[in-house]
Amino acid sequence: MEFKSDIEIAQSAKMADIREIAEKAGVDEKYLEQYGKYKAKVDNRIIEDLKDRPDGKLILVTAISPTPAGEGKTTTSVGLTDALSKIGKNVIAALREPSLGPVFGIKGGAAGGGHAQVVPMEDINLHFTGDFHAIGAANNLIAAMLDNHIQQGNKLGIDPRRITWKRAVDMNDRQLRFIVSGLGGKANGVPREDGFEITVASEIMAILCLSKDISDLKDKLGKIVLGYTYSGEPVTVSQIKAEGAAAALLKDAIKPNLVQTLENTPVFVHGGPFANIAHGCNSIVATKAALKLADYVVTEAGFAADLGAEKFVDIKCRKAGLTPSACVIVATVRALKYHGGVKKEDLNEESLTALEAGLPNLLQHVENVTKHFGLPAVVAINEFPTDTEAEVKMVEEKCRALGVNVVLSRVWAEGGAGGTDLAREVVRLCEEKNDFHFVYPLDISIKEKIEAVATKIYHADGVVFESKAEKQLKELEALGFNDVPVCMAKTQYSFSDRPELRGAPKGFKITVKDLKIDAGAGFIVVKTGDIMTMPGLPKVPAAENIDVDNDGRITGLF
């Protein structure tokens, strides 16, 4: 059988006109704003106009702890969507937009894979409809107005040493993590330490994804804390009068993007905060629009269940009033072997011993989802061509012996047809008793919330707060920021804050190094371990293999 790359499969697909996809999704043409033949934005007023229509069932797709082998969470989300459509269900997926950083870095594209992809794949992975550019522009407008306020007399008394707002660019560029700006003399600004975050780590991204409309967006933008005065008082965007202009830059970006799968099933792709830094979920408006239009909505949360799924539950669902009906936990034989100690280059070799050693990672995620989130769950084994029959059988048998629901998924190779067993099981789970709940209540202390996530979800023995974090904790409590969720910034590769600890490590503590209030988004970012908000490129970036020919045909994207 001839092997085709993801981009070759996507480029050979027969896409339907976006107007046909809109009609299939139940989106009236009056809400449609076309970006060419195959992309469109949908006016989010559709949610208000359909407010009396009951919501569909919300299905969360999450995964085991990521590995260099890949787990195929988006692939499974897309394949499950096509499979639900194939068994006759009215379904829409609501997914995140990829960041240019990972596309050109190490991860590659993020529109699914094999025969379970969202198209036009190249557009989605690159500039798409310009949402990320708008978010970066809004972020940097606020930065420019903040420094201009200081330059023009600093009426608010902003302490340049205590500015927490960074500039943003959607690229992995470690050179910009720490910079000094405002050099060159009095006319060129006030010299100070500065830095950049990747756009998907910007609070503007989180705010866009958590806002219900323009009015809500402006309100949240105005609450952003940019830094502190010489007397220790927080300075907000509303105080420098930047929220209106920033919202104007985002007036189109807040509208969800409508595209399609390879099998012409409707998909909303909108927003994309990083899950190891921010809250890792697509926008509330895209999810809510999908829930009003479809009987089943498939959505995903970034990285593993300890990161994306926890934030999906404790931040997105809490703020949007969402109740998921079921959860799919994606695992691969290759990733489980990696968690069992196998090196990346040896993952194609059968190893039942390593596979069994890696299973605790999967089982711990299942326990978190069923016990700490209270959701009915199924493990989807995302099959790879190199998986042996004995390996797949072992995962199935070990899971069933422990009472874990498991289904083999072949969507990468077969598209929707390879996921019909999974689709039927998900439909069944959606009718099961649901004990959905949050990991912690909002009325406990900030420290107690962090400890709840660390001990319940990460299975840590406790939390160590460095002296800087202890001081920040007291400051945030004194300023009244007690009643908001915590957004944990942690490595995605381990339950711990140390990426080298694979599997289901025990006997560790989580070290909190830094706390920052994202008052606009409405959560406290808790940085642990060596997490950074601006990634760097690997030794051999994916960008080295990407090219475009004279006809505009892109190669090497994934």
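Which residue is the bridge partner of alanine 489 in E23? The legends below take this up first and then turn to other parts of the chain.

View 1. The structure is a predicted model, in which local features need pLDDT of at least 70 and side-chain atom pairs count only at pLDDT 80 or more, while totals for chains, interfaces and linings use all residues. Residues are numbered from 1 along each chain as its sequence is written, and side-chain values use heavy atoms, with hydrogens and water left out. In E23, the partner of alanine 489 is lysine 527. Strands E21 and E23 (residues 523-528) are paired in the parallel sense over four bridges, where pairing requires that DSSP finds at least two bridges between two strands. Helices (H or I, at least four residues) and strands (E, at least two) are DSSP runs, numbered from the N terminus.

**View 2. The two covered faces of strand E21.** In a regular strand the side chains alternate between the two faces of the sheet. In E21 (residues 486-489), Val486 and Met488 lie on one side and Cys487 and Ala489 on the other, and all of these are buried. Here buried means under 20% relative accessible area, exposed over 50%, and partly exposed in between, with a 1.4 Å probe and protein chains only.

**View 3. Arginine 192 and its surroundings.** Arginine 192 is found in strand E10 (residues 192-194), and it counts as buried because its relative accessibility is 7%. Leaving aside neighbours within four places in sequence, arginine 192 is in contact with several residues, among them Asp147, Pro160 and Arg167; contact means heavy atoms within 4.5 Å.

**View 4. Proline 120 and phenylalanine 128, on either side of helix H6.** The peptide bond that leads from valine 119 to proline 120 is cis, with omega near 5 degrees, and proline 120 lies in the loop between strand E6 (116-119) and helix H6 (121-125). Phenylalanine 128 lies in the loop between H6 and helix H7 (131-151), and its phi is near 50 degrees, a positive value in a residue other than glycine. Phenylalanine 128 counts as buried, because its relative accessibility is 8%.

**View 5. Lysine 241 in an exposed position.** Lysine 241 is placed in the loop between strand E13 (234-236) and helix H10 (243-249), and although this residue is not a glycine, it has a positive phi of about 60 degrees. Lysine 241 counts as exposed because its relative accessible area is 71%.
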